[in-house]
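Please consult the sequence and structure shown here.

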Amino acid sequence: MDLEALEQLAATQRAVRAFTDQPVPDDLIARILRVATRAPNARNVQPWHFIVIRDRETKRAIADIQSDMTNQPRGQSSPDRQNWADVPVLIAVCSTLPFGEGRAGDAATAGSIYPAVQNLLLAAHAAGLGTVLTTRWRLNEEKVAPLLNLPAGMAVHAVIPMGWPAVKLGKNRRKPVAEVTSREKFGNAW
Ligand SMILES: Cc1cc2nc3c(=O)[nH]c(=O)nc-3n(C[C@H](O)[C@H](O)[C@H](O)COP(=O)(O)O)c2cc1C
């Protein structure tokens, strides 16, 4: 186990919103999803289900929903964002709802999904692929679920565009640990 390599990986993992046309092979996606599915999750229920989307029309329809969510014309929700129809792959991270609905159930389900999402983002980055996490899909499930033939009782948590980065980004900028950490009680300097 190499902590230095992990530190470097975490520091250079970025939100990538523009991709080349180069395809992303299925076997690489499968490998990344294997890392995703190693994530911790409540009661080891593993409620996740991943949908790998390459179909241009589906990508475009999902992009339209995303644009409505952000109230911006398609492709403009971030200044450097590429039209999703042109992104090689979208990965929809879905789940069953094994802990029920309501706040406690939702928290357990989301808490079981986002570790897998983070594993996915890091594994993709380790493979040289770019990704960007988008959420809020649960608020638009009635629109996105039919596009994916998602059975009733399943949720859509995230859609992650994935491809080879069109630009090279440097390290991410994050607050120093000392600024976001206390010793024993809130406010005591670390
Ligand atoms: C909960 C969540 C929702 C996000 N939603 C979007 C989104 O809708 N569109 C987008 O382009 N990026 C989205 N992002 C990516 C963030 O903008 C990005 O992680 C943050 O700005 C840091 O960027 P960096 O890692 O390149 O420094 C989201 C990230 C998270 C964690």
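The points below cover the sheet, the nonpolar core and a helix pair.

This is a predicted model, in which local features need pLDDT of at least 70, side-chain atom pairs count only at pLDDT 80 or more, and totals for chains, interfaces and linings use all residues. Residues are numbered from 1 along each chain as its sequence is written.

**Sheet**
- Four strands form an open sheet in the order β1-β2-β4-β3, with antiparallel pairing; strands are DSSP E runs of at least two residues, and helices H or I runs of at least four, numbered from the N terminus.
- Because β1 and β3 (130-131) stand at the edges with a single partner strand each, one side of each has no neighbour in the sheet.
- Six antiparallel bridges join β1 and β2, where pairing requires at least two DSSP bridges.
- Trp 48 has Ser 95 in β2 as its bridge partner.

**Nonpolar core**
- The largest nonpolar core has 35 residues, and Leu 120 and Ile 160 are among those with the most contacts inside it.
- Such a core is a set of buried Ala, Val, Leu, Ile, Met, Phe, Trp, Tyr and Cys residues joined through C-beta atoms within 7 Å; buried means 20 or more other C-beta atoms within 10 Å, with C-beta atoms placed from the backbone.
- α4 gives the most to this core, with seven residues.

**Helix pair**
- α2 and α4 pack at about 140 degrees, with axes 7 Å apart; axes are lines fitted to C-alpha atoms over the stretch in contact, and angles run from 0 to 180 degrees between N-to-C directions.
- Ile 32, Val 35 and Ala 36 of α2 take part in the contact, defined by backbone-placed C-beta atoms within 7 Å.

Notes. A residue is buried if 20 or more other C-beta atoms lie within 10 Å of its own, exposed if 12 or fewer, and partly exposed in between; C-beta atoms are placed from the backbone. Two residues are in contact if their C-beta atoms, placed from the backbone, lie within 7 Å.
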